[in-house]
Amino acid sequence: MVRVSREIGGRKLELETGRIAKLADAAVIARYGDTMVLATAQAAPTEKDDIDFFPLTVDYREKSAAAGKFPGGFFKREGRPTTREILTARIIDRAIRPLFPSGFKKETQVLVQVLSTDRENDSDIVAAVAAFASVAISSIPHGKILGACRIGLIDGKLRINPTWTELRSKENDLNLTICAHADAIVMVEAGANQLEESVMLEALELGHEVCQEIAGMIDELVGLAGKPKAQFVPPARDEKLVAAIEKRFGKELMAAPVSEGDKHARSAAKSAIKQKVNEAFPAPAGDDKAAAKHKKLVASVIEELFDKGERESILAGRRADGRGTTDIRPLTIDVGVLPRVHGSSLFTRGETQALCIATLGTVDDQQTIDGIYPEEKRRWMLHYNFPPFSVGEVRRFGAPGRREIGHGALAERAIEIVLPKGDQFAYSLRVTSEITESNGSSSMATVCGATLALMDAGVPIKQPVAGIAMGLVVEGKRIAILSDILGSEDHCGDMDFKVAGTGRGITALQMDIKCEGLARATMQQALEQAKEGRMHILREMLKVIRRPRDTVSEHAPRLVSFPIPMDKIGAIIGPGGRTIRGMQEEFEVRIAVQDTGVIEVCGLNAAKVEACIARIKDMTAEVELGKVYKGRVTGLKEFGAFVEILPGQEGLVHVSELSDGFVRSVADVVAIGDTIEVKVIDIDDFGKVKLSRKALLAKNGDAPAEARREAPRGPARDNAGGGDELGFDAAPAEPRRRDDRRDDRRGPRPDSARPDRDRRGEARGFDRPERSESPDRPERSERPDRPERSERPDRPERSERFDRPERSERPDRPERSERPDRPERGERFDRPERSERPDRPERSERPDRPERSERPDRPERSERPDRPERSERPVRSERAEWSERPERGPRPERDERAPRAERPVREPRERGCDRDGDAPPSARRPEREERRPSREGDLPESPRGPVSFSDDDDAPLAERRGAETGRRPEPRGASREERGDAERGMRRSFDRGAGPDDGGSDRSRLRRRRR
């Protein structure tokens, strides 16, 4: 394994061979950072005699595994090459193809594959270096060693091999890819932000220096691991035949390419002289292989003389179509040539013609780029199509080839920099270029036509872009730089130099050089001459359409984008997307919500698009204090009306703010569904909005609310002598509240004054009593003035009254907050219905029993360490019933009892033995289990009553003993008097109807079960 390395652009570049793909003619792994690329070079062992071209194949592939991801699509496997892969392969192909020896026809493959990527060091430059190194160390005959690099311009400073992030940053103004050997640049691809020609020259010189350093590193690898080059001998030519053709038809062959007329005339002249040469020098008969070889030799001699004649004519100052070196062919420009598309143009320059069509789309039409680098969405696309009829040929016409993809990418790069940003013009943009005629630089015609089509579509581009193709012919010291080259001049010349840009600078550049090299002065002259030709074309374009259309085409969708607050996105989408789908159906639009909070609305009907935008803005708008809104009444209450001023946002118009007069009822002024204008007068800390209609009425100078409200109801009020003073010209009366009604102070009112009084009373559910006469009440003119409303005390709103009588006060009842909480009722399962329960006996009075408050406190229970925990005790409902025992007689007091005899002290003995310890085993006392009678047999009678057992053998010992003796276990720590009270309480419960046989009454049994 051999490895060499150099530091390029602040990072180490390594080249390695001899570890992977050792069976290939040459294999090199190039590493830059963590990006690794494998390149192999292999040539067939023999040549193909039946072909007249060099069969070179360059293939570059980016496998998804290199980035640690799955490929997109259903099959999850890489398919046809992507656009990026094709463009990278073209860079390598265009650089190495001219350096193979003329006449070399062995089929050759250069295959490049990305093995690993760090997504920062671009793999296309690393792939080019690896491919150049593999060809250099292989046995395939090749010319000079090449190097490749990329130059960026970040913040005004040139940067060598910028990273992926730096290359796509806003601060970068240049993306220049250069391939060169030690003597000259051979290939250039560039996209720029309207750079001046001097800056581009400086970048080209820096890139050439870096390429020279990389070529030196590859030369070091060749010295360590390179294979000897295979000997290549050009195919032998019949020099006698060549000399004879030149002597007889040389002048005619050299004059045919520059004959007068257009391309068809020159093609006809070429065809005529070809036929004459073939007739004069026929192929030998009898040997088909020799005949085919003879025909190819004659054809090659003819083409060489065609090229020689055209080159000599150019160096002499006369081009094939009669133009000078700086002349531009006639231009014909039309826009709007297609009626139903969004934008179109037909650009014709000489015999090159491009029909360009612009299409505007939405964010959903953007192209998603899937690859080893971070996924991106492209809103700008340009597709170039080159049908065979454009050059008068018949051939297979299928999917776009590499040439078409390359030319389209060049035009796309040239225009991209002048497109408006997405926040200024949200449309997705696509231009299709149909080449209908081709005789030189159809890619630059596409640049001009695409610019015109975008302007016709109403796209607000920053500057118009034009392109021009330059040519070069070098013979010794004689040099001719050509503007707007023809197809034949591209074929026979030494350089194809395409420059696109605006009036301010270069936006794209592509150059392929076939000669040994170019001096800086020659390159500078070519750039200056290209600028002059570009300016001429721009002036002709602006004569046809001066600036982009003011509006997009009527056939284009209406698309408007605007930002909304991020917290309002959920309101636009709605639960489950119902809100956004509803708006799309209602307005016939498409709504796209981006993660950045930008909303895009697109539709064919401009009015519906504007209505949808207004709806969205209302949904996301914030209520502003002091602003006037037109809203819909959504609810009525006694205290006011709720008005929806924005979608989903309501405010309250208080009854005092509904009108500038007295409002008896909210329903008298507004109804649900009415549309009214209101003003926002307050927004509290909780976001509640207070509205006012009265403020707008006073501002507009409307008639008093009392007059407006009473006018449609019937005759006017009888003012009782004060009507003339309250004319329409006077100030409106202050609105009165309900507590200011003078029904109890005013005299009888005519029935005709308020004919709807009775109906309103009936509608409210109560009868209003007739007013009584008040003869002692003074006339209105004699009454004192009423105080202003602001001086009256506010009275709270009165709730609706019903016919329900008022509750009387209960002074002996405590407040609700002071009452004790009721205990929770448990579930009752087996309790019978109240109607089925037996009557409870009346409880007898106990006059001798003291009140509960006078009873002594119960002593505290002592701890019982031998008692099991409550969770281990059996359920009370499963315990045996207590049997009744006979009533005890009065027991003498302790001090009156006879003294108890002392018992002798027992000696310890074994269990089951007598006192002497020698009792036989059969005389031992049986175990507890043996002494216990069987559950299935008859239970023995106890002197104190029948014996019952618990159903649970695991019941506590104290309960089992109580069940055997018919006695309830006594609580530990209780005195004998307390235990007696417990026994008496138990007997009383039995006396109330609970016997030992039936288990007690239903209530006592249920009580035991609950416990």
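How many bridges join β22 to strand β24 (residues 598-603)? The count is 6, and the two strands run antiparallel. Before going further, a word on the basis of these results: the model is predicted, so that local features need pLDDT of at least 70 and side-chain atom pairs count only at pLDDT 80 or more, while totals for chains, interfaces and linings use all residues. Residues are numbered from 1 along each chain as its sequence is written, and side-chain values use heavy atoms, with hydrogens and water left out.

Strands (DSSP E runs of at least two residues) and helices (H or I runs of at least four) are numbered from the N terminus, and two strands are taken to pair if DSSP finds at least two bridges between them. In β24, E600 is the bridge partner of S561. Both strands belong to an open sheet of 3 strands with antiparallel pairing, ordered β22-β24-β23. Its edges are formed by β22 (558-563) and β23 (590-593), each of which pairs on one side only. On average, neighbouring strands here are turned by 15° against each other, direction ignored; axes are lines fitted to C-alpha atoms, for helices over the stretch in contact, and angles run from 0 to 180 degrees between N-to-C directions.

A second open sheet holds 8 strands in the order β8-β7-β9-β10-β21-β20-β18-β19, again with antiparallel pairing. Here the edge strands are β8 (157-160) and β19 (478-483), each pairing on one side only. Within this sheet, strand β9 (residues 172-180) is joined to β10 by 7 bridges, and L176 stands opposite A190 in β10. Strand β10 (residues 185-195) pairs in turn with β21 over 6 bridges in the antiparallel sense, with V188 opposite M511. G501 has I506 of β21 as its bridge partner, and a hairpin of 4 residues connects β20 to β21.

Strand β21 (residues 506-513) is largely enclosed by the rest of the structure, because 8 of its 8 residues are buried (under 20% relative accessible area, with exposed meaning over 50% and partly exposed in between, for a 1.4 Å probe and protein chains only). Helix α11 (residues 520-544) lies across β18 (466-475), β19, β20 and β21, and runs at about 145° to β18. Leaving aside neighbours within four places in sequence, L509 is in contact (heavy atoms within 4.5 Å) with residues including V188, A190, F497 and L527.

The crossing is right-handed, meaning that the near helix is turned clockwise from the far one by less than a right angle. Contributors to this contact include R84, T88 and I92 of α1 and D124, A128 and F132 of α2.
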